[in-house]
Amino acid sequence: MQMGLERDQVMLVSGIGCHGKIVNYVNVNGFHGIHGRVLPLATGIELANPSLTVVGFAGDADQYDEGWGHFSHALRRNIDITLIVHNNMVLGLTTGQTTATSQRGFKTKSTPFGSIPPMLNPIAHALVSNGTFVARGFAGDVKHLTSLIVEAINHKGFALVDVFQPCVTFNYLNTYDWFTKRVYKLEEKGHDYTDRQKALEKSFEWGNRIPIGIFFKEEKRTYRDSLPHLKGMPLTKMPVDDVNIIPLLKSMM
Ligand SMILES: Cc1ncc(C[n+]2csc(CCOP(=O)(O)OP(=O)(O)O)c2C)c(N)n1
Ligand SMILES: [Mg+2]
């Protein structure tokens, strides 16, 4: 509403996890998809009907484990969608197992000796995949997070907002207190978000001080801009009655 969008102009797509219920809570169009497939769905919807504002919601396991293969490709294609990752650094819905973003040593029922590999760094990956809007927010600072989401949706091209969103039931390590003590805002430290190298440096900051805010932002051609046959009329409006695919099928026999 703050953005002046009508309800029927907005399309939310969610994956599987605690976060997935969001399409039931927000009174706009919604598509509750399958685990790991938020980006293929959101991509298809955006390419078929550009009049919609498409916002994908994924969990950390949903996007950074099961859906990992789609991440870099959607970014480098610069599909005009927003992706908000509810990063609680744990599999919440399945009652607390490690994900790609769980901290090394994080003990769970299924990893009693602690998570073994190093954490995946989604911000750094987004930056090296030519992401055109890369940001991180914290659910404990709703005003700041809201401003990031508004900027992300206004961005023309792929916008990532990774959100620290503590799971109060299963993540005993990365709690609201844990984040509150550590997060600081990039914009308050004079970070230049037009510099990809600097953004990359910042993306590796982890420990006592963890940055949130916009790491990087630039305007670039979107995937749609480069598809001549999608110019003018959306696929959803194209007539299909007189389409005859028989000759095409025969040519492949
Ligand atoms: C294809 C498939 N694989 C596995 C599952 C089981 N499963 C349900 S939710 C979930 C992941 C939940 O973790 P996350 O994406 O981090 O979301 P959260 O619940 O933490 O918000 C998994 C693996 C599934 N539903 N579908
Ligand atoms: Mg999770």
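I begin with N78, which follows helix α4 and has a positive phi, near 55°. Helices here are DSSP runs of H or I with at least four residues, strands are runs of E with at least two, and both are numbered from the N terminus.

A word on conventions. This is a predicted model, in which local features need pLDDT of at least 70 and side-chain atom pairs count only at pLDDT 80 or more, while totals for chains, interfaces and linings use all residues. Residues are numbered from 1 along each chain as its sequence is written, chains are lettered from A and ligands numbered from 1 in the order in which they are written, and side-chain values use heavy atoms, with hydrogens and water left out.

Let us return to the helix itself. Which residues of α4 (residues 68-77) are buried? They are F71, A74 and L75. Seen down the axis of α4, these buried residues fall within an arc of 100°, so they line one face of the helix; the arc is that of the directions from the helix axis to the C-beta atoms. On the other side of α4, G69 and R76 are exposed. Buried means under 20% relative accessible area, exposed over 50%, and partly exposed in between, with a 1.4 Å probe and protein chains only.

What do the buried residues of α4 pack against? Their partners are α2 (38-48), α3 (60-66), β4 (82-87), α5 and β6 (159-164), where contact means heavy atoms within 4.5 Å.

A124 is buried, with a relative accessible area of 8%. Leaving aside neighbours within four places in sequence, A124 is in contact with L200, S203 and F204.

D60 lies in helix α3 and V90 in the loop between β4 and α5, so the pair ties together parts that are 30 residues apart in sequence. D60 is buried, with a relative accessible area of 2%, and V90 is buried, also with 2%.

Thank you for your attention.
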